[in-house]
Amino acid sequence: MGRGIAWLLSGLTLAYFLVADPGLFDHLLHGAIGSDFKNLWLAGRALLDGQPVYDVEALTDYARAYDPDACYINFVYPPFVLFLAVPFSLLPVQAAFHVWNALSAALFFMAARPYARDGVPAVT
């Protein structure tokens, strides 16, 4: 597939989502944090505050201090994931979410680069 067609398809996909949900980007920038990341971030915060991480009721109660609408928070990951959770929990949740996504995209492009036929732009 040529680069022109790839850009065209990307633009059409973006246009589709803008038409289907005009508030999509506002939602992404101001509140659409998935439950997986929210669990990770809250577990890191709870650990730093000396709260239990694997007690569902205690973690949910702790989460309500940050989000009064939190109904169920369950950290189901193995303990070594907390080494990843704690540094992100030092940032405000929105900032941590954007850093998480930026790092995920950079790591994806670095991993995909050897397999791309025409190459992937370098991530520097």
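Predicted model: local features only at pLDDT ≥ 70, side-chain atom pairs only at ≥ 80, totals over all residues.

Trainee: Which residues of helix α4 are buried?

Mentor: Buried means under 20% relative accessible area, exposed over 50%, and partly exposed in between, with a 1.4 Å probe and protein chains only. Helices are DSSP runs of H or I with at least four residues, strands are runs of E with at least two, and both are numbered from the N terminus. In α4 (residues 56–63), the buried residues are Leu59, Thr60, Tyr62 and Ala63. They lie on the same side of α4 because they cover an arc of only 160 degrees around the axis; that arc is taken from the directions from the helix axis to the C-beta atoms. In general, an α-helix has 3.6 residues a turn, so residues three or four places apart point the same way.

Trainee: Against which element do the buried residues of α4 pack?

Mentor: Contact means heavy atoms within 4.5 Å. The buried residues of α4 pack against α3 (35–48). Thr60, at 6% relative accessibility, counts as buried; beyond its neighbours within four places in sequence, Thr60 is in contact with Ala70, Cys71, Tyr72 and Ile73.

Trainee: What caps the N-terminal end of α4?

Mentor: Look for a polar contact, a pair of N or O atoms within 3.5 Å; within protein, one must be able to donate a hydrogen and the other to accept it, and residues adjacent in sequence count only if both atoms are side-chain atoms. The cap is Asp55, with a side-chain oxygen 3.2 Å from the backbone nitrogen of Glu57. Ser89 is buried, with a relative accessible area of 0%.

Trainee: How many salt bridges are there?

Mentor: A salt bridge needs a side-chain nitrogen of Lys or Arg within 4 Å of a carboxyl oxygen of Asp or Glu. The count is one. Asp61 and Arg64 form a salt bridge at 3.1 Å, N to O. Asp61 is partly exposed at 49% relative accessible area, and Arg64 is partly exposed at 35%.

Trainee: Which residues touch the most other members of the largest nonpolar core?

Mentor: A nonpolar core is a set of buried Ala, Val, Leu, Ile, Met, Phe, Trp, Tyr and Cys residues joined through side-chain atoms within 4.5 Å. Of the 19 residues in the largest one, these are Phe37, Leu40, Leu42, Phe75 and Leu82. Two or more residues come from each of α3, α4, α5 (82–89) and α6 (93–112), and α3 gives the most, with six. Leu40, in α3, is buried at 5% relative accessibility. Not counting residues up to four places away in sequence, Leu40 touches Phe75, Val81, Ala85 and Trp100.

How values were computed
Residues numbered from 1 in each chain as written. Heavy atoms only, no water.
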